[in-house]
Amino acid sequence: TDPFGNYLVQKLLEVCDESQHMEILQKVTGKGRLVTISLNMHGTRAVQKVIETLKSLEQVSMVVYSLKGGVVTLIKDLNGNHVVQRCLQCLNSEDSQFIFD
C-alpha cells in the first residue's frame, strides 16, 4: 500500500460520482483485498473513508462481504481494529452484525 496513495483514494471518494465510487469499490473489495489493505498503516485510513462514504445497500453489501471473513484478524490488529470500529460507527446494527457472528 502506497503511503501517499491513501490520501488520493480518500480525496477521490469525497468527490467522485456514484459510478466512480462503485468502480473503486469493485477494485478494492475483490479477492480479500479489503482486509489486507485494512491491516496496513496507510491503507486503514483509506478503508475507513470507504466505509464513511458508502451510499447504497449494494455498496454496504460489497464491503461487508469483503470484510466478514477477516473480522478476527482485523480485531486483533492495531490498524484493522480501526476499520471494525468505523463499521460500528457508520453502519446500522443489521449491517454491522457480521462483526459479532
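# Helix contacts and buried residues in a predicted model

Modeller: In α2, the residues Glu18, His21, Met22, Leu25, Gln26, Val28 and Thr29 meet Glu58, Gln59, Met62, Val63 and Ser66 in α5. By kind, the residues of this contact divide into five nonpolar, five polar and two charged. The model is a predicted one.

Biologist: What makes these residues count as being in contact?

Modeller: Contact is called where heavy atoms lie within 4.5 Å. The residues listed for α2 and α5 are in contact in that sense.

Biologist: How do you know whether α2 runs roughly parallel or roughly antiparallel to α5?

Modeller: The axes of α2, residues 18–29, and α5, residues 57–67, cross at roughly 10° and come within 10 Å. Angles under 35 degrees count as roughly parallel, so α2 is roughly parallel to α5.

Biologist: Which hand does the crossing have, left or right?

Modeller: The crossing of α2 past α5 is left-handed.

Biologist: Why is His21 called buried?

Modeller: His21 belongs to helix α2. Buried means under 20% relative accessible area, and His21 has 0%, so His21 counts as buried. Setting aside residues up to four places away in sequence, His21 touches Leu13, Cys16, Thr53, Leu54, Lys55 and Gln59.

Biologist: How far apart are the C-alpha atoms of His21 and Gln59?

Modeller: Those C-alpha atoms are separated by 8.9 Å, while the two residues are 38 residues apart along the chain.

Biologist: What makes α4 and α7 roughly parallel?

Modeller: Helix α4 covers residues 43–52 and helix α7 covers residues 80–90; their axes cross at roughly 15° and come within 9 Å. The cut-off for roughly parallel is under 35 degrees, and α4 and α7 are therefore roughly parallel to each other. The crossing of α4 past α7 is right-handed. From α4, Thr44, Val47, Gln48, Ile51 and Glu52 make the contact, and from α7, His82, Val83, Arg86, Cys87 and Cys90. These residues divide into five nonpolar, three polar and two charged.

Biologist: How do you know that the buried residues of α7 are on the same side of the helix?

Modeller: The buried residues in α7 are Gly80, Val83, Val84 and Cys87. Around the axis they cover an arc of only 100°, which puts them on the same side of α7. An α-helix has 3.6 residues a turn, so residues three or four places apart point the same way. The cover over the buried residues of α7 includes α3 (33–38), α4, α5 and α6 (71–76).

Biologist: What makes the buried residues of α1 line one face?

Modeller: Helix α1 covers residues 5–15, and its buried residues are Asn6, Gln10 and Leu13. Seen down the axis of α1, they fall within an arc of 65°, so they line one face of the helix. Leu8 and Val15 are exposed on the other side of α1. What covers the buried residues of α1 includes α2 and α4.

Biologist: Lys49 is found in helix α4. Why is Lys49 called buried?

Modeller: The relative accessible area of Lys49 is 15%. Buried requires under 20%, so Lys49 is buried. Apart from its neighbours within four places in sequence, Lys49 is in contact with Gln10, Leu13 and Glu14.

Biologist: Is Lys31 buried or exposed, and how do you know?

Modeller: Lys31 sits in the loop between α2 and α3. Its relative accessible area is 79%. Exposed means over 50%, so Lys31 is exposed.

Biologist: Why does Phe98 count as buried?

Modeller: Phe98 is in the segment after α7. At 10% relative accessibility, against a cut-off of under 20%, Phe98 counts as buried. Leaving out residues up to four places away in sequence, Phe98 touches Val64, Leu67, Lys68, Val71, Cys87 and Leu91.

Biologist: What separates the C-alpha atoms of Phe98 and Lys49?

Modeller: The distance between them is 19 Å, and the two residues are 49 residues apart along the chain.

Methods
Residues are numbered from 1 along each chain as its sequence is written. This is a predicted model: local features need pLDDT of at least 70, side-chain atom pairs count only at pLDDT 80 or more; totals for chains, interfaces and linings use all residues. Side-chain values use heavy atoms; hydrogens and water are left out. Axes are lines fitted to C-alpha atoms, for helices over the stretch in contact, and angles run from 0 to 180 degrees between N-to-C directions. Helices (H or I, at least four residues) and strands (E, at least two) are DSSP runs, numbered from the N terminus. Angles under 35 degrees count as roughly parallel, over 145 as roughly antiparallel, 65 to 115 as roughly perpendicular and the rest as oblique. A crossing is left-handed if the near helix is turned anticlockwise from the far one by less than a right angle, and right-handed if clockwise. Ala, Val, Leu, Ile, Met, Phe, Trp, Tyr, Cys and Pro count as nonpolar, Asp, Glu, Lys and Arg as charged, and the others, Gly among them, as polar. Buried means under 20% relative accessible area, exposed over 50%, partly exposed in between (1.4 Å probe, protein chains only). The arc is that of the directions from the helix axis to the C-beta atoms.
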